[in-house]
Amino acid sequence: MRKRKPQPAPARRSQREGASIARTGINGLLGRYFTHHLQTLISTLGQLLRSPFSLFMTTAVIGIALALPTGLHVVLTKAQYLSGELEGTAQISLFLKNAVNEQQAQGLAQKLRQMPEISQVRFISRQQALAEFKQNSGFAEAMQALDDNPLPHLLVVQPVLAQGNSERIQTLVQQLGQHIEVDVAQLDMDWIERLYSILDFLQRGAWLLAMILAMAVLLIVGNTIRLAIENRRDEIIIIKLIGGTNGFIRRPFLYTGFWYGLFGALIAFVIISTTLLLLSAPLEQLSLLYNKSLVLTVLDLETTFYLLLVGVLLGLVGSWLAVGRHLKDIEPV
Amino acid sequence: MIQFTQASKRYPSGQDALRNVSFHIKPGELAFVTGHSGAGKSTLLKLIALLERPSRGQVLVNGQNLSRVKRRQIPFFRRNLGIIFQDHRLLFDRTVYDNVALPLIISGHSHNEIGRRVRAALDKVGLLKKEKKLPITLSGGEQQRVGIARAVVHKPPLLLADEPTGNLDPELSQEIMQLFREFAQVGVTVLIASHDLALIQRMSCRQLILHNGQLDQDVMPR
């Protein structure tokens with residue numbers, strides 16, 4: 001905000017006039033300047049609170065517009081965290097060639113255990129696999145009809161990896177596939193990959209949504225401020241006639257925008273917190289299934305801070321645009 | 001204090017509101033601008049208050065050439081003026097006190113200073129007891145006096161009044177004029193646009209008589 005110009009001049013004068021009014025020096029003027037800002041801040045709040053219904057209507061719309069992308073962001077962040085945890089359960093299945101015998105397979109398993117990227121190798125012989133398959137699949141009788149065991153020896157490899165390293169897992173899979181004994185190396189992580197791309201898609205969607213809704217908030221605030229300017233047209237003309245600067249006229253409208261943004265963000269906070277609270281029971285059940293703590297009932301501090309910041313900024317920018325656009329049209333004649 | 005040199009104003013509609021007007025008003029002078037409606041009285045005041053700019057010629061106010069005052073400086077220029085309007089132009093959602101305080105708030109005076117000066121101005125126009133009232137509860141004459149208090153509260157060297165007695169009965173008009181005379185006596189330059197000829201006659205002040213945008217007569221007081 002531009003400072004009003006005439007301030008240095010009276011300051012100089014008061015210094016010249018001597019010690020009796022020395023306290024109205026530059027400090028006094030600065031203090032007065034901030035006092036004026038504070039007064040405007042408070043008085044615009046008072047003005048808004050005098051018509052609480054229309055204040056609520058406007059801020060509720062802003063709140064909903066802010067809550068949608070923020071809520072989506074919270075859920076996606078949680079989902080990403082969760083999928084990171086799930087990545088730890090990734091396994092690589094190495095189906096060995098039919099010609100490979102049990103001893104060779106054990107040898108390979110031993111060799112693989114030496115690799116630093118691998119934490120665990122489990123050998124499942126074709127006999128074991130068949131038994132397991134018979135037991136689990138219900139195809140036992142059909143399997144009996146077969147002369148041969150169609151299943152290969154299998155090595156189940158557990159990679160050592162921190163979360164978020166799907167690329168390194170992919171290279172490891174390729175590397176393992178190149179061993180001469182290996183027929184097919186398969187990553188049992190396709191569904192996580194799919195989850196990732198869905199999350200990525202949703203994340204982008206959330207950003208787009210956030211941008212569109214931010215525009216909506218700008219328009220809402222802008223339009224509300226435009227109406228406020230229109231309502232106070234006479235006042236603006238009078239202030240211009242008696243020497244009010246554009247900054248002076250702009251100030252109350254900017255603070256009004258500030259309050260709209262702040263209240264909108266607070267309403268968004270309430271909406272998200274309520275929703276999370278309502279979702280906490282089913283989420284708790286889900287977390288029991290995964291042995292993970294998923295409980296989130298309140299918005300975390302960082303997100304709350306950014307929510308308020310974005311709300312306030314949108315309010316200020318929206319009113320700034322409206323004021324810049326419409327104050328020019330109002331000139332005393 | 002005010003010097004017009006061959007000032008003309010043609011509005012975009014093609015209407016010539018003022019044509020080659022030249023005059024000089026000294027500090028502390030009380031002068032009337034008269035003439036039939038549409039003669040250019042309002043335009044003349046608007047040029048002084050920088051609500052309009054002349055199409056040709058020069059206007060000097062308080063030693064300042066107005067053509068050199070940039071758009072951004074206009075608010076600071078206007079703080080040297082006190083303007084009184086026929087329709088008062090008060091803020092009806094604020095008290096008398098707040099209305100009168102407005103010019104001081106705009107120029108960033110301290111709280112104490114504002115209180116002192118506002119009460120002095122209200123005292124001057126005889127409305128000290130009504131400071132907490134809303135303007136709508138006051139009579140026309142009282143509203144006009146609030147307007148005058150607001151125009152003088154920041155002690156401007158120049159006071160402009162556009163038909164200040166337009167809606168008032170003769171007695172009230174006389175009172176208002178008396179106020180203006182008192183301001184002139186303490187050194188304020190006062191320029192009043194009016195067509196209330198009877199009143200002007202009684203005042204026996206300088207008269208700038210406009211006719212179709214031209215300065216027809218410049219009558220000095222006897």
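Guide: Two strands pair if DSSP finds at least two bridges between them. Strands are DSSP runs of E with at least two residues, helices are runs of H or I with at least four, and both are numbered from the N terminus. The model is predicted: local features need pLDDT of at least 70, side-chain atom pairs count only at pLDDT 80 or more, and totals for chains, interfaces and linings use all residues. Residues are numbered from 1 along each chain as its sequence is written, while chains are lettered from A and ligands numbered from 1 in the order in which they are written.

Now the sheet. Chain B holds an open sheet of four strands. Their order is 2-1-4-5, and the pairing is antiparallel. Strand 2 (16–25) and strand 5 (64–65) of chain B are the edge strands. Each of them pairs on one side only.

Look next at strand 1 (residues 2–10) and strand 4 (residues 56–61) of chain B. They are joined by five bridges, in the antiparallel sense. Take B:F4 as an example: its bridge partner in strand 4 of chain B is B:V59.

Helix 1 of chain B covers residues 41–48. Helix 1 touches strand 1, strand 2 and strand 4 of chain B. Contact here asks for C-beta atoms, placed from the backbone, within 7 Å. The direction of helix 1 makes about 120° with that of strand 1 of chain B. Such angles run from 0 to 180 degrees between N-to-C directions, with axes fitted as lines to C-alpha atoms, for helices over the stretch in contact.

Terms used:
Two residues are in contact if their C-beta atoms, placed from the backbone, lie within 7 Å.
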